[in-house]
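Here's a quick briefing on where the open space sits in this model and which residues pack together. Have a look at the structure first.

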Amino acid sequence: MSQKEPETIEIKISEDILRARQSVRTCMVDLGFSLIDQTKMVTAASELARNTIDYGKGGTMRIEYPAEEGRTGIRLIFLDHGPGIADIQQALKDGFTTGSGLGLGLGGSKRLVNDFEIRSEPDKGTQVTVTRWR
Amino acid sequence: MDKIPILKLGNILLVTIQIDMHDQLAIALQDDLTARIVSAHAKGVLIDISSLEMVDSFIGRMLGNIAAMSQALGAQTVVVGMRPAVAITIVELGLPMENIQTALNVERGVEKLQRAMEKYEKGTPR
């Protein structure tokens, strides 16, 4: 397998959510992930990209290809410099939202990936990192 | 801008979503469909999502909205053709689907829709 280069995609307008989904799909197909794994990760990417726009006022998605302990995977890092999240535990709860959505984005995405990490600082921004291993 | 076509078959409106929708397109479909239910005097709406490779909470919410809006206008909605990988994913995502009637394919969807339409007509005082 040829080594894939990390890439960064701008997430500013709603069409970017579509581009993020398509990029993640293409990368996962190239890496040989199963259809179910692809669907889960693409859905998580869609939720997190929308959060980046709706709550983070726009940002970026970085795609990386981690390899450790003999396994490889795909990692997505969503970064914004928005208002940040005051209470992360509350934000992870299903049904909690400060917007108009269903409040499933963060908690739902967490269930669709293998590793989930969130860091946020008020007035500095939010970084959500999700990884799916092969 | 792209538009998702709405076909009329008797008193049913058929919508086949064949492209990965961006948010505005999903909202436009919601608006078009409600207007069309009224202008076409439709009693049923069939939404075929067999081409959709992914349903996230935004699209899920749109499907729920369409079902609720149709109901308010006296039309029943059935969503058909969900792919297995999509079904597995939306359950893990936690998407509430209890307000949405579903069927395996278009044929079964039409049957389900006809039964729902008959039941609705009987239950409606004239």
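A pocket here is an open set of points on a 1 Å grid over the protein atoms alone, where a 1.4 Å probe fits and protein lies on both sides within 12 Å along at least five of seven lines; lining residues have an atom within 4 Å of a point. This is a predicted model, with local features needing pLDDT of at least 70, side-chain atom pairs counting only at pLDDT 80 or more, and totals for chains, interfaces and linings using all residues. Residues are numbered from 1 along each chain as its sequence is written, chains are lettered from A in the order in which they are written, and side-chain values use heavy atoms, leaving out hydrogens and water.

**Largest pocket**
- The largest pocket is lined by 37 residues, and Asn51(A), Tyr55(A), Thr97(A), Thr98(A) and Leu106(A) lie nearest its centre.
- Its volume, the space filled by probe spheres set on the points, is about 720 Å³.
- H2(A) brings the largest share of this lining, six residues.

**Second largest pocket**
- This one holds about 160 Å³ of space.
- Its lining includes Arg21(A), Arg25(A), Asp20(B) and Glu53(B).

**Nonpolar core**
- A nonpolar core is a set of buried (under 20% relative accessible area, 1.4 Å probe, protein chains only) Ala, Val, Leu, Ile, Met, Phe, Trp, Tyr and Cys residues joined through side-chain atoms within 4.5 Å.
- The largest has 64 residues, and Ile17(B) and Met62(B) are among those with the most contacts inside it.
- Ile17(B) is in contact (heavy atoms within 4.5 Å) with residues including Leu29(B), Ile47(B) and Met62(B), leaving aside its neighbours within four places in sequence.

Methods
Buried means under 20% relative accessible area, exposed over 50%, partly exposed in between (1.4 Å probe, protein chains only). Helices (H or I, at least four residues) and strands (E, at least two) are DSSP runs, numbered from the N terminus.
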